[in-house]
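Hi there,

Here is the structure I promised to pass on, with the sequence alongside. My notes on what turned up in it follow below.

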Amino acid sequence: MQTIYRPGQWYLIVIPGALVALPPDVPGDVVARLWERLPEDKTLATVVDVLTTHAGGSFTSLPSFVAAVAEGADVRIALRGAVSAQVETGTESLELSGAEVTTWNERFLGGATKIDITVEAPADAVGLPVQGGIVRAAAVSAELEPSDADPLTSALGPAPVVGDAAADAPASEPVAVPEPVAAPEPVVVPIPEPVAAPEPEPEPEPQSDVEPEPEEPLPVIDDAFLPPTEVTLAPPVDDDFDQLWGATVHSVGAAAPAAAPVAPVVVEGDHDGATISAADLRALRQEPPVANDAPTEVLEVAPAPTTVSVGRIRLSTGQVTALDRTVIIGRRPRSTRASGANLPHLIAVESPQQDISRSHLEVRPEGDTVVVIDLHTTNGSTLLRPGADPVRLHPGEQTLVLSGDVVDLGDGVTVAFEDLP
């Protein structure tokens with residue numbers, strides 16, 4: 001895309017295959033957010049999503065803007081506010097404006113070759129070329145190339161800092177995009193090996209003239225009932241310990257080396273009545289497990305959630321239809337689909353004066369929104385929104401509607417929109 005811009009005050013984002021112009025009072029984080037997201041998802045929907053998020057979901061709070069995105073050999077362009085554009089195709093040249101629209105003026109043009117965008121009166125300055133970046137501009141002209149619709153294979157760099165410094169910069173200079181700085185290599189510091197502490201020398205045992213009495217051999221308990229990794233410990237004589245942890249603690253060490261079990265020392269008069277014998281332990285292990293007689297609780301299966309409707313329409317003739325699919329309204333509405341689960345609702349209305357066409361208006365749910373399309377009718381359709389002037393629908397173009405909006409089809413027939421998200 002060969003792009004030439006004329007300096008001004010508006011922010012102009014230029015990437016291969018996309019142009020976005022925003023007024024100078026737009027916060028810098030909005031410009032930076034578009035610079036980050038457009039290379040990943042180069043679509044007009046990305047621009048609208050960032051701007052509506054900044055506006056808190058209110059279409060009346062949207063700033064003026066121009067966005068043009070290449071789609072193959074075609075281009076999709078949207079305008080809002082006192083801005084204009086001229087698009088040249090292989091057969092014609094079209095003048096577009098964003099003035100006097102409730103949301104924005106969106107067009108899809110096939111075979112576009114050149115786009116001229118004007119957002120403010122340009123000063124008598126020489127046009128400057130730009131391949132990619134963010135500049136301050138009043139107008140821009142771009143010649144489209146077949147490669148503009150290709151996805152970007154690499155990032156465009158970090159988001160620029162757009163603030164007071166950028167606003168005070170000369171109008172003819174683009175806002176600089178800092179290059180990423182490579183992180184310094186980590187410094188490896190060797191860790192000294194620990195020095196083993198010297199072993200203490202054994203203290204000499206005191207000499208005694210009295211010969212010690214010979215110790216009686218300790219009784220050996222049969223350890224055949226214990227596995228090599230299980231140890232039985234006799235708890236200390238402590239009432240609090242017995243109440244908290246019980247009398248006998250069994251611990252299984254998976255990583256403990258196989259060794260002979262420790263035989264407890266039995267001293268006459270020291271038994272606390274808590275340690276069991278080997279025979280008692282064998283008897284406990286041979287008893288069958290205690291059955292759980294508690295009945296099994298049966299849990300009711302919750303019903304699957306039902307599909308939530310996105311609203312409904314109410315005609316002045318008394319007909320009410322839920323917007324769970326596309327709706328076509330007219331004197332003798334027809335659908336191009338012959339069958340299928342998504343067959344549109346067809347609503348026929350009377351038109352004594354023949355003001356309403358056979359297929360006059362299409363109402364289409366689009367995710368969490370609803371749009372209406374005038375089906376190239378003879379007498380047209382008019383959008384009536386509380387607190388706003390009536391707007392004539394452009395034939396074949398999508399127009400977003402909100403709860404409380406009314407579309408006048410003519411001949412006294414109106415369509416009111418209720419409970420839209």
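Glu-397 is buried, with a relative accessible area of 14%. Please keep in mind that this is a predicted model. The side chain of Glu-397 meets that of Arg-107 in a salt bridge, with 3.2 Å from N to O. Arg-107 lies in strand S7, while Glu-397 sits in the loop between S20 and S21, so the pair ties together parts that are 290 residues apart in sequence.

Side chains of opposite charge can pair when their charged atoms come close. The count for this model comes to eleven salt bridges. One of them joins Glu-418 to Arg-314, with the closest N and O atoms 2.8 Å apart. This pair also links distant parts of the chain: Glu-418 belongs to strand S23 and Arg-314 to strand S13 (residues 312–315), 104 residues apart. Glu-418 is partly exposed at 21% relative accessible area, and Arg-314 is partly exposed at 37%. Both residues belong to a network of salt bridges that also takes in Arg-312 and Asp-419.

For a local pair, have a look at helix H1 (residues 28–37). Arg-33 and Glu-36 are three residues apart in this helix, which means that about one helical turn separates them. Their side chains meet in a salt bridge of 3.5 Å, N to O. Arg-33 is partly exposed with a relative accessible area of 41%, and Glu-36 is partly exposed as well, at 40%.

Now to the open space. Rolling a probe the size of a water molecule over the atoms shows where empty space is left. The largest pocket has a volume of about 950 Å³. Its lining is made up of 34 residues, and those nearest the centre are Trp-104, Glu-106, Val-371, Gln-398 and Leu-400. The elements that give two or more residues to this lining are helix H2 (44–54) and strands S7 (105–109), S18 (369–374), S20 (391–392) and S21 (398–401). H2 gives the most, with five residues. Sorted by class, the lining holds 13 nonpolar, eleven polar and ten charged residues.

Val-407 has Val-415 in S23 as its bridge partner.

Six of its seven residues are buried, so S3 is largely enclosed by the rest of the structure. S3 pairs with S2 in the antiparallel sense over four bridges, and Ala-21 has Val-66 in S3 as its bridge partner. S3 also pairs with strand S4 (residues 74–80), again antiparallel, over seven bridges. Here Glu-71 has Asp-74 in S4 as its bridge partner. S3 and S4 form a hairpin with two residues between them, and Gly-72 in the turn has a positive phi of about 65°.

Gly-17 and Ala-70 are 53 residues apart in sequence, yet 5.2 Å apart in space from C-alpha to C-alpha. Gly-17 counts as buried because its relative accessibility is 4%, under the 20% limit.

One more set of strands to trace on screen: S5 (residues 84–89) and S8 (residues 112–118) run antiparallel and are joined by six bridges, with Thr-89 opposite Ala-112 in S8. S8 pairs in turn with S10 (residues 133–143), antiparallel over five bridges, and Ile-117 stands opposite Val-140 in S10.

Best wishes

Methods. Residues are numbered from 1 along each chain as its sequence is written. This is a predicted model: local features need pLDDT of at least 70, side-chain atom pairs count only at pLDDT 80 or more; totals for chains, interfaces and linings use all residues. Side-chain values use heavy atoms; hydrogens and water are left out. On a 1 Å grid over the protein atoms alone, a cavity is a set of points where a 1.4 Å probe fits but cannot get out, and a pocket is an open set with protein on both sides within 12 Å along at least five of seven lines; lining residues have an atom within 4 Å of a point. Grid points are joined across faces, edges and corners, and a volume is the space filled by probe spheres set on the points. Ala, Val, Leu, Ile, Met, Phe, Trp, Tyr, Cys and Pro count as nonpolar, Asp, Glu, Lys and Arg as charged, and the others, Gly among them, as polar. Two strands pair if DSSP finds at least two bridges between them. Buried means under 20% relative accessible area, exposed over 50%, partly exposed in between (1.4 Å probe, protein chains only). A salt bridge is a side-chain nitrogen of Lys or Arg within 4 Å of a carboxyl oxygen of Asp or Glu.
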